[in-house]
Amino acid sequence: MPPRMRFLFLGPLLWALLSLLAAVGLARAELTRLRDTFDTDARIAHRLLSQRAAQHDAVLATLNLLQPGADGSQPQQRLSAVYPQVLAVWQRERGQAWPDADLQAADAQSRVLGRAVPVRIDLAQGRCVLLQHGEPASHALRIDLRAMVPWSEWPIGADAPSRVSLQSGGQTFVLQPGRGESATALWPYAFRKVLASPSQPFEVVVERGFGWADLPWGRMVGASALIAALLAAAAAWWRQRIARRRAEELLRLGQVARLNTLGELAAGIAHELNQPLTAVLASTQAARRLLADEDHDPADVPLLRQALDQAAAQARRASDVLHRLRRSVERPDAGRVLQPVALDVVVADTLHLLEPESARRAVVPQVLAAAAPVVVQGDAVAVQQIVHNLVMNALQALEQVEAAERRLVLTLTLDTEGEAGRLRVADTGPGIPADALPRLFEPFFTTRPGGLGLGLSLCESLAQGMGGALAAEANPPRGACFTLRLPLMSE
């Protein structure tokens, strides 16, 4: 899959995964914070209710110690003004009996336990009665459970979703109803703890449910947008990095190509000049032989012989210079170290380098590779230069046909004998004229206006230098096909 396609597929997937992880992390942090706040408020509510329950015990103990006032007034008559939750105060004098059997039984129990005891618990009405035995009098309090809540200090707001209730013996009294979401919430949470008073064994139950509305959607969306921005910045940086590396690789490959082209050009010039220089040498030598004839004017012979000797020497010198130039610029095939070269890797690297050129021409190269990697024996730079030249030639040829008809297929196979690897580059361009095929690899021969005619000649020379071959043929019904054959790497 091309790098661009991989990014288009993996980019949104990575964004979705990171956004999901960030959303889960933010949601867990927010739920933890809400639960900690809920737990703190519930503990404060429990402490306040326990303090009120302890006040009831203290009030009963104090009443048992107080005596009637000098004017005959009873202290308990003023309790309701101080403690609004105390609805009524009952008293039993020494020698008297309580009017109800349950109060009488509770008095006996209180005398044994030495503390206040609950007598009547009616959570449906929000009422309970506490009784404590004393001498000379015993007292009982009728308490309004709702009024015992210190609302001015209550930590849970009236519009809060938390539900607060007192439970005892299967009965429930709701102090604060909340919003009724606990039963249907996605994440229910409850706090349960008995009041710190033996006389009032009520369990304080605070319940709250957490749902979708409690999640930090704003921060989650913000985190997702931030991740998208960071990924976009990273993708832009990565594209710039790839483009810079592609440009550097193309520059390096271009420098190698220019050097090889210069060598091919110099070799061609040396070849072309060597023939006339040879003719000059032959002519001067013939003239020298003619001048050696005794029939010529004897006075001119020494001068002519000297001039011809100098011409011959200069011709030999020029020939030697061109010969040395050709040797210096020719590729040192004998000294090249051949190494294993994976053709599929070279093809992938070349297509990556030429990806902008392919995209500009609306061409999507198709690679048909063998089941096993094709590893040949050659020079990696030379092989890459050949493949680069062939693919670039195919892309330039495809410019001459309609975009819908442009096809470029690179096929990697082994030859029938299994001794060489083959790369076949086929396009659906205008093709090569039949009369041009035999001369296609000649130096300075080209069918493209403005071309030097050295590219294919150089590629053929590079292939032959590695023990391979480069061939061209038509690609029916239209187009051209070039086949590079290189020997496989020996075991």
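I began just after helix 9, where Gly467 takes a positive phi of about 80 degrees. A reminder to myself: this is a predicted model.

Next I looked at helix 9 itself, residues 455-465. Is it enclosed or open? Nine of its 11 residues are buried, so the rest of the structure largely encloses it. Among the buried ones I noted Leu456, Cys459, Glu460 and Gly465.

Then I turned to charged pairs. Side chains of opposite charge can pair when their charged atoms come close. I found a count of 17 salt bridges, and I looked up a few.

- Arg43 pairs with Asp39, with the closest N and O atoms 2.9 Å apart. Both sit in helix 1 (residues 3-65), and because they are four residues apart, about one helical turn separates them. Arg43 is partly exposed at 44% relative accessibility, and Asp39 is partly exposed at 22%.

- Arg120 meets Asp100 in a salt bridge at 2.3 Å, N to O. This pair links distant parts of the chain, 20 residues apart: Arg120 is in strand 2, while Asp100 is in the loop between strand 1 and helix 3. I noted Arg120 as partly exposed at 30% and Asp100 as partly exposed at 31%.

- Arg485 and Asp415 form a salt bridge at 2.9 Å, N to O. Arg485 lies in strand 15 and Asp415 in the loop between strands 12 and 13, so the pair ties together parts that are 70 residues apart in sequence. Arg485 is partly exposed at 34%, whereas Asp415 is buried at 7%.

My last entry is a network: salt bridges with shared partners join Glu357, Arg360, Arg361 and Glu399.

Notes. Residues are numbered from 1 along each chain as its sequence is written. Side-chain values use heavy atoms; hydrogens and water are left out. Buried means under 20% relative accessible area, exposed over 50%, partly exposed in between (1.4 Å probe, protein chains only). Helices (H or I, at least four residues) and strands (E, at least two) are DSSP runs, numbered from the N terminus. A salt bridge is a side-chain nitrogen of Lys or Arg within 4 Å of a carboxyl oxygen of Asp or Glu.
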